[in-house]
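Dear colleague,

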Amino acid sequence: MQDARRLELEEMIARIALGDRDSFEALYDATSAKLHAVCLSVLKDRPEAEETLQEVYIKIWQNATRYASNGLSPMTWLITIARNRAIDRLRARSSRPATAPTDAAAILPSGEPSPEAATIRAQEWEMLDECLAQLADQQAGAVRAVYLEGVTYADLAEREGKPVNTVRSWLRRSLLRLKDCVTR
C-alpha cells in the first residue's frame with residue numbers, strides 16, 4: 001500500500017515537471033495537510049504557515065523537474081522543501097524588528113482547528129512522543145530541536161559540542177528509527 005502511494009506521488013511529480021496542472025492539484029490535495037502541519041510546527045503561527053505553504057507549492061511547481069526518483073520517499077522531498085521554507089521564514093522573522101499591529105485588520109478571528117482536527121493532531125503528537133521516547137535522550141532532543149523547533153545543524157552541533165557530521169549521523173539514524181516506529 002505504501003509503495004503504491006509512493007509511486008502515485010512520484011507519478012504526480014513527474015507530470016508536474018511537464019506542466020500538468022491537474023497533477024499539481026492532485027498533489028496539493030494529497031499532501032497539503034501534512035505540509036501545512038510541517039510549516040505550522042516550525043512557525044507556530046497559522047496565517048504565516050498558510051502563506052509559507054503557498055510558497056512551498058510554488059517551489060514544488062518550479063522545481064518538479066529536479067526531483068529524482070531514487071527509491072526515497074517523495075514525501076521526504078516535499079517535507080524537506082516545506083521545512084526549509086518554514087525555517088527560512090522563521091529566520092527572516094527573527095531578523096526583522098518587532099512592531100505592534102496598528103490596524104484592525106491585524107485582529108482576526110481564531111483560526112483554531114476543528115475538534116476533529118485537534119483530536120487527530122493530538123493522537124499524532126502522542127504517537128510521535130511515544131516514538132521519540134524510544135530514542136536515547138540526546139538523539140530525541142536533537143530531533144526535537146532540528147525538526148520541531150527549527151534549530152540548524154550547526155547550532156545544534158555547537159550546543160552539543162559535537163562535529164556537525166556527528167549530529168547529522170544522529171539525526172539520520174534517529175529518523176530511520178522514528179520511521180520504523182511510526183509505520184508499525
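What follows concerns a helix pair and the cysteines.

Please bear in mind throughout that this is a predicted model.

I begin with the helices. Two packed helices are described by the angle between their axes and the distance between the axes. For helix α3, which covers residues 46-63, and helix α4, which covers residues 74-95, the axes come within 9 Å and cross at roughly 130°. On the α3 side the contact is made by Glu48, Glu51, Thr52, Glu55, Val56, Lys59, Ile60 and Asn63, which meet Trp77, Leu78, Ile81, Ala82, Arg85, Ala86, Arg89 and Arg93 of α4.

I turn now to the cysteines. The structure holds 1 disulfide, formed by Cys131 and Cys181, whose sulfur atoms lie 2.0 Å apart. The link of Cys131 and Cys181 is left-handed, with -80° about the S-S bond, and it joins distant parts of the chain, since Cys131 sits in helix α5 (residues 115-133) and Cys181 in helix α8 (residues 164-183), 50 residues apart. Cys131 counts as buried because its relative accessibility is 3%, and Cys181 likewise counts as buried, at 10% relative accessibility, the cut-off being under 20%. Cys39 is buried too, with a relative accessible area of 0%.

With kind regards

How values were computed:
Residues are numbered from 1 along each chain as its sequence is written. This is a predicted model: local features need pLDDT of at least 70, side-chain atom pairs count only at pLDDT 80 or more; totals for chains, interfaces and linings use all residues. Side-chain values use heavy atoms; hydrogens and water are left out. Axes are lines fitted to C-alpha atoms, for helices over the stretch in contact, and angles run from 0 to 180 degrees between N-to-C directions. Helices (H or I, at least four residues) and strands (E, at least two) are DSSP runs, numbered from the N terminus. Contact means heavy atoms within 4.5 Å. A disulfide is a pair of cysteine sulfur atoms within 2.5 Å. Buried means under 20% relative accessible area, exposed over 50%, partly exposed in between (1.4 Å probe, protein chains only).
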